[in-house]
Amino acid sequence: MLQKSLGEFEEIVLLVVAILEGEAYSVSIIAQIEERLHREASLGAVQTVLKRLEDKGLLLSEFGATTKARGGKRKRLYEITAKGQDILDQTRQQRNSLYEAIPNFSVKLI
Amino acid sequence: MQDSSNKPSPIALSFFHWFCRSEYREEIEGDLMEKFEFNSKKYNHRKANRLFIKEVVLLFRPSLIGNIHQLTNTHIMTSKASNKRFYLLFVGFFSLLFIPFIAMIFTQEVNWNLLDFIVAATLLGGTAICLEFIFRKWKTLGSRLLLASSLIILLLLVWAEMAVGIFGTPLAGS
């Protein structure tokens with residue numbers, strides 16, 4: 001079944017992967033979430049969402065280089081697919097249409 | 001240059017190796033080590049280690065853990081009812097070890113070392129084996145209840161003796 005919508009955290013992770021442009025892996029994604037949104041995210045939560053988005057075909061991944069800080073273990077780098085871009089655009093349009101549908105209302109001053 | 005003492009908890013790392021799906025192990029272990037290294041520089045080794053254990057516990061989720069065959073590594077185990085019961089007993093007793101493991105993250109009051117975990121695992125594993133033996137050997141409910149409750153009481157007494165030394169035997173933890 002075609003994925004038509006994203007969960008809130010899925011959307012955040014997908015956006016951060018798009019921002020990082022080929023440098024996205026779980027530790028850098030967590031750092032971006034903390035820096036930009038002032039929100040804590042665990043490695044478990046991010047890894048779970050990354051795997052789910054990859055299964056849905058919204059992300060692609062490949063092994064990257066290793067560093068000494070990683071104990072010789074390679075990192076898995078993610079990038080957004082065309083399908084991922086489409087769903088982000090679609091989510092943005094849906095949100096915008098909802099914001100635009102909010103009627104103007106007067107504020108009561110007490 | 002990496003200080004040899006500046007390494008994360010080997011117990012937490014072994015636990016991670018045990019449960020994590022093999023295809024995800026390399027990347028996630030690298031992520032864990034990188035975060036540990038970063039936290040060691042930002043805070044101190046003790047706090048970095050605490051955060052490392054917390055991350056490992058939070059990684060223990062269905063999407064990342066291996067299937068039951070990997071976790072038990074018991075491909076010889078069939079689906080016979082008695083084996084299922086033995087497996088459940090074993091997993092049930094061993095899961096009690098999570099209590100001190102998780103408590104160590106949140107409080108300094110609980111401070112188990114590797115030996116403590118080995119002794120506790122031996123006691124709990126031995127009890128599970130004895131319980132299964134009782135269930136296989138005795139078929140009436142009365143005898144099973146009597147023997148199983150006696151065994152549990154014995155386990156609790158040995159545990160209490162090793163923890164605080166209520167009888168003052170050489171095993172006493174006090």
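In chain B of this predicted model, B:A12, B:F15 and B:F16 of α1(B) meet B:F52, B:I53, B:V56 and B:L59 of α3(B). The residues of this contact comprise 7 nonpolar, no polar and no charged. The axes of α1(B) and α3(B) are 10 Å apart and form an angle of about 20 degrees. Angles under 35 degrees count as roughly parallel, and α1(B) and α3(B) are therefore roughly parallel to each other.

**Helix packing in chain B**

- Two packed helices are described by the angle between their axes and the distance between the axes.
- The handedness of the crossing of α1(B) and α3(B) is left-handed.

**Contact between chains A and B**

- On the side of chain B, 17 residues are in contact with 15 residues of chain A.
- Both α2 (22-42) and α3 (45-59) of chain B supply at least two residues each to the side of chain B that touches chain A.
- With 11 residues, α2(B) provides the largest share of that side.
- The class composition of the side of chain B that touches chain A is 6 nonpolar, 2 polar and 9 charged residues.

**B:L64, a buried loop residue**

- B:L64 is located in the loop between α3 and α4 (68-72) of chain B.
- A residue counts as buried if 20 or more other C-beta atoms lie within 10 Å of its own; B:L64 has 20 other C-beta atoms within 10 Å and is therefore buried.
- Leaving aside residues up to four places away in sequence, B:L64 touches A:G44, A:Q47 and A:T48 in chain A, and B:C20, B:R21, B:Y24 and B:L59 in chain B.
- Between B:L64 and B:C20 the C-alpha to C-alpha separation is 5.8 Å, although the two are 44 residues apart in sequence.
- B:L59, one of the residues that B:L64 touches, also takes part in the contact of α1(B) with α3(B).

**Largest nonpolar core**

- In soluble globular proteins, nonpolar side chains tend to be buried together.
- The largest nonpolar core holds 35 residues, of which A:V13, A:V17, A:I29 and A:V46 touch the most other members.
- Chain A gives two or more residues to this core from each of α1 (8-20), α2 (26-37), α3 (43-55) and β2 (74-80).
- A:V17 touches A:A24, A:I29, A:L59, A:Y78, A:E79 and A:I80, when residues up to four places away in sequence are not counted.

**Overall make-up of chain A**

- Chain A contains 4 helices and 2 strands, and its elements follow the order α-α-α-β-β-α from the N terminus on.
- Of the 110 residues in chain A, 29% are buried.
- Among contacts in chain A between residues at least 6 apart in sequence, those joining residues at least 24 apart account for 48%.

**Positive phi values in loops of chain A**

- Most residues other than glycine have a negative phi.
- A:E21, in the loop between α1 and α2 of chain A, has a positive phi near 45 degrees and is not glycine.
- A residue counts as exposed if 12 or fewer other C-beta atoms lie within 10 Å of its own; A:E21 has 9 C-beta neighbours inside 10 Å and so counts as exposed.
- A:H38 lies in the loop between α2 and α3 of chain A, and its phi is also positive, near 50 degrees, in a residue other than glycine.
- With 7 C-beta neighbours inside 10 Å, A:H38 likewise counts as exposed.

Conventions: Residues are numbered from 1 along each chain as its sequence is written. Chains are lettered from A and ligands numbered from 1 in the order in which they are written. This is a predicted model: local features need pLDDT of at least 70, side-chain atom pairs count only at pLDDT 80 or more; totals for chains, interfaces and linings use all residues. Two residues are in contact if their C-beta atoms, placed from the backbone, lie within 7 Å. Ala, Val, Leu, Ile, Met, Phe, Trp, Tyr, Cys and Pro count as nonpolar, Asp, Glu, Lys and Arg as charged, and the others, Gly among them, as polar. A nonpolar core is a set of buried Ala, Val, Leu, Ile, Met, Phe, Trp, Tyr and Cys residues joined through C-beta atoms within 7 Å. Axes are lines fitted to C-alpha atoms, for helices over the stretch in contact, and angles run from 0 to 180 degrees between N-to-C directions. Angles under 35 degrees count as roughly parallel, over 145 as roughly antiparallel, 65 to 115 as roughly perpendicular and the rest as oblique. A crossing is left-handed if the near helix is turned anticlockwise from the far one by less than a right angle, and right-handed if clockwise.
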